[in-house]
Amino acid sequence: LEDDIEVSPFFYVYLRFALMGVVFADDSGLADHLVGISLYTPRLVEVRMPRRRINLYDEVGSPDGDSPRRYLFLQQLPCSWGSLFFPKPWIEFRRYMQRRLHEDAPAVNIPHSATNGWSTSWKKFMIELNFLRAQLVLYPNFVNQT
């Protein structure tokens, strides 16, 4: 978590629901591409210039029906404000970042991404790895979320 973030008292319930009801209950292979679960819904498009505010509930929408999954969505952008990253993808990410920082590995160019100009943010390297491996993060998407 960022040092100025507080989590809801229900964060554990949400993470447990997401793990048990979505990740482990899914037989489509989603878990093979999932690196973590975010505790925060982005409010800013930070990888495109100019940056702009976004209401993802309006943009992504919510399908009709009673499934609790309608309040979730997937994207490749990792959340740096508060997330549960799974152990295996996190270890793989750390190895990747070490190679990129210390072994003169070639830069990764993500089309139309402002991250191409970032220098040493850990998030830059996770965005690269998620892009290269088609990895995803599960996000909450609640109406009127602040």
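Helices, of at least four residues, and strands, of at least two, are taken here as DSSP runs numbered from the N terminus.

**Figure 1. Overall fold of the predicted model.** The chain contains 4 helices and 6 strands. Read from the N terminus, these elements follow the order α-β-β-β-α-β-β-α-α-β. Of the contacts between residues at least 6 apart in sequence, 75% link residues at least 24 apart.

**Figure 2. Surface and interior of the chain.** The accessible surface amounts to about 9,300 Å², and carbon and sulfur atoms account for 54% of this area. Of the 146 residues in the chain, 37% are buried.

**Figure 3. The largest nonpolar core, of 17 residues.** Phe93, Tyr96, Phe125, Ile127 and Tyr139 have the most contacts inside this core. Two or more residues are given to it by each of α3 (87-102), α4 and β6 (136-140). Helix α4 makes the greatest contribution, with 4 residues. A further core of 12 residues lies apart from this one and includes Tyr14, Ala18, Leu19 and Val23. In soluble globular proteins, nonpolar side chains tend to be buried together.

Figure 4. Lys124 counts as buried because its relative accessibility is 6%, where the cut-off for a buried residue is under 20%. Beyond its neighbours within four places in sequence, Lys124 contacts Arg100, Thr115, Asn116, Trp118 and Ser119.

Terms used. Residues numbered from 1 in each chain as written. Predicted model: local features only at pLDDT ≥ 70, side-chain atom pairs only at ≥ 80, totals over all residues. Heavy atoms only, no water. Buried < 20%, exposed > 50% of the residue type's maximum accessible area, 1.4 Å probe, protein only. Contact = heavy atoms within 4.5 Å. Areas by Shrake-Rupley, 256 points an atom, 1.4 Å probe, with all protein chains shown as cover. Core = buried A, V, L, I, M, F, W, Y, C linked by side-chain atoms within 4.5 Å.
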